[in-house]
Amino acid sequence: MTRTITVKGIGGISAKPDYIELTLSVDATEKDYEKAMENAAERIALLEKAVEGTGFEKGALKTLCFKVDTHEEQIKDQDGHYRWIFAGYCCTYRFQLGFDFDSGRLADVLSAVTDSGAKPELKISFTVKDPTQINEALLMNAAANARKKAELLCHAAGAELGRLCSINYNWSELTIVSPTSYEADAGMPMAPACRCAPEISPEDINLHDTAVFVWEIM
């Protein structure tokens, strides 16, 4: 019977954010379908103009999502009973704007979006431009960690590590985003004196990944 040792390797890495992802969501609700679409289109045109005005090329806003749903509201009738009624159509667009980390450029973009009148919902994330290198480093670290632990265990048990039999890895996608939170209200006007945002230093991104290795022992 072949003797084996099973070890979980744990890889860890810390990365400094070098990329900003700005998500902008536009919702337009109207009784008439065409009016909802027109409303959304007008606000999107304002967003595109604002973004291009800060130096981005046409098409820099990438569409993440588009959907149209019926919108209902709950009302109370004359008998005191609540019921749902049709209130219109809700048109939703979600865009993403990505650019190299630059606090000054982020401030310029937020100011332009705020002044545009489009009033989108904003979400700001700090991440890395090339996640491939981080993923590869994590796997290398996990493999090295597993082998070191396996060799130590074999040495302590008076055995010798043999050939590698199998590797079990969960290929789930990692979320490579800094925990730093940056809140912004695109509907709040910004006074000229407030346009110089403070320098931002997002917290490093700390990631861990695991893989299970099985070796023969001799």
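Visitor: In what order do the elements of the chain run from the N terminus on?

Guide: Happy to start there, with a word on the source: this is a predicted model, in which local features need pLDDT of at least 70 and side-chain atom pairs count only at pLDDT 80 or more, while totals for chains, interfaces and linings use all residues. Residues are numbered from 1 along each chain as its sequence is written, and side-chain values use heavy atoms, with hydrogens and water left out. Helices (H or I, at least four residues) and strands (E, at least two) are DSSP runs, numbered from the N terminus. The chain has three helices and seven strands, and their order is β-β-α-β-β-α-β-α-β-β.

Visitor: What radius of gyration does the chain have, and what would a compact globule of 218 residues have?

Guide: The radius is taken over C-alpha atoms, and the globule rule is 2.2 Å times the number of residues to the power 0.38. The C-alpha atoms fill a box of roughly 80 × 55 × 30 Å along the principal axes. A compact globule of 218 residues would come near 17 Å, but the chain has 26 Å.

Visitor: What share of the contacts between residues at least 6 apart in sequence joins residues at least 24 apart?

Guide: A contact means heavy atoms within 4.5 Å. Among the contacts of the chain between residues at least 6 apart, those joining residues at least 24 apart make up 83%.

Visitor: How much of the chain is buried?

Guide: Buried means under 20% relative accessible area, exposed over 50%, and partly exposed in between (1.4 Å probe, protein chains only). The accessible surface of the chain comes to about 13700 Å², with 50% belonging to carbon and sulfur atoms; such areas come from the Shrake-Rupley method with a 1.4 Å probe, and for residues only the protein chains shown count as cover. Of the 218 residues in the chain, the buried share is 34%.

Visitor: Which residue forms a salt bridge with Arg-163?

Guide: A salt bridge is a side-chain nitrogen of Lys or Arg within 4 Å of a carboxyl oxygen of Asp or Glu, and the whole structure holds five. The closest N and O atoms of the pair are 3.2 Å apart. The pair links distant parts of the chain, 53 residues apart, with Arg-163 in strand 6 (residues 161-168) and, in strand 7 (residues 205-217), Glu-216.

Visitor: Why does the salt bridge of Lys-129 and Asp-100 tie together separate parts of the sequence, and how many residues apart are they?

Guide: The side chains of Lys-129 and Asp-100 meet at 3.3 Å, N to O. Lys-129 lies in the loop between strand 5 (121-127) and helix 3 (131-157) and Asp-100 in strand 4 (residues 82-100), so the parts that the pair ties together are apart in sequence by 29 residues.
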